[in-house]
Amino acid sequence: MKTHEHSTDAAAAAAQDAADDIADGAAIDVTTEGLPDWLDPVARAARTIQPQQLSRFLPPASGAGRQSAVLVLFGEGAHGPELLLMERAGSLRSHPGQPSFPGGSLDPADGDQETTGPLRAALREAEEETGLDPHGVQIFGVLPRLYIPVSSFVVTPVLGWWRSPSPVGVVDPAETARVFTVPVADLTDPANRVTTRHPSGHRGPAFLVESALVWGFTAGVIDRILHFAGWERPWDRAKQVPLDWRA
C-alpha cells in the first residue's frame, strides 16, 4: 500500500486555499484530453452508461434527497493504476467507519446542482477530507446520480485523473480515520472479491483490500466501473462475508 501523509496544519492550509479557489468560481472543465491510455475504457463507459446499469437504487422521482458528490480519483502508483479511498471516522452519524470515496454534501457555494455543483463539491470535500491539491486533478467524466436509501443521499460520482499527485492524509480525525490508495490490480484480483450479506437480506459486491472491507455504495460503484471498463475478472460470487445490523 502507498499511504500519503503530511501534517494536519499543512493539509488544513491547502484545503482552505483550494476551497477559496472553488468558492471564487474558478473554471472546472470536464475533459479527456491527455488521459493515460489505460483510463480510456473508463472514460468511454462514463459517456454511455445508464443509471439502471449502475444500481437499482436511483434518486426519488420527487426530487427528495440530500444532494452530494464523491470523487472517484484514479492515479498511478508504485503498483500501477490505483484508486484513492478513505475510511470514515467511527464517530460519524452517516456510514461510520466505512471505507469510501472522498466526498460529501453540496454547499450553496458549490453552485448549480444540475451542472458544476457536484464537480465543485467533489473537489472541495476531497480537499477537506484528504488534503489533496485539486489543481492536480483532471475531471474526465461524471456518472449518473445514484441513491443511498439508508442516509437519503443523492450521490453524483465524479471521475478524476490524478494528473499531478499531491500529499494526502487525515486532515480532521473527527471525519476521517485514514486515507489510502488501492491498486486496481488488487481490486480486479478474484481472491480479493466477496459478496457481503446484510441481516436485512441485501447482498452486494465487496473487496478485501488494504486491511479493509470495502462494501456498500463504494464497492458497488467500483464493481460497475470494473465491469463496464472491461477490467473485471471472473470471481466467486458465492464467497460471502456477513455484516451485522450496525453496518
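In helix H2 (residues 40-48), the residues Pro41, Val42, Ala43, Ala45 and Ala46 are buried, buried meaning under 20% relative accessible area with a 1.4 Å probe and protein chains only. Helices (H or I, at least four residues) and strands (E, at least two) are DSSP runs numbered from the N terminus. The model is predicted, so local features need pLDDT of at least 70 and side-chain atom pairs count only at pLDDT 80 or more, while totals for chains, interfaces and linings use all residues. Residues are numbered from 1 along each chain as its sequence is written, and side-chain values use heavy atoms, leaving out hydrogens and water.

The cover over the buried residues of H2 includes strands E1 (66-77), E5 (137-142) and E7 (153-162) and helix H6 (216-228). Val42, Phe74 and Phe140 touch the most other members of the largest nonpolar core, which has 37 residues; such a core is a set of buried Ala, Val, Leu, Ile, Met, Phe, Trp, Tyr and Cys residues joined through side-chain atoms within 4.5 Å. H6 gives the largest share of this core, six residues. Apart from it lies another core of 19 residues, among them Ala121, Ala126, Leu132 and Val158.

Arg197 stands opposite Arg203 in E10, and among the five residues between the strands, Gly201 takes a positive phi near 105°. E10 also pairs with strand E11 (residues 212-214), antiparallel over three bridges, with Val209 bridged to Ala212. Two residues separate E10 and E11 in their hairpin, and Glu210 in the turn has a positive phi of about 50°.

Key:
Pairing = 2+ DSSP bridges. Buried < 20%, exposed > 50% of the residue type's maximum accessible area, 1.4 Å probe, protein only. Contact = heavy atoms within 4.5 Å.
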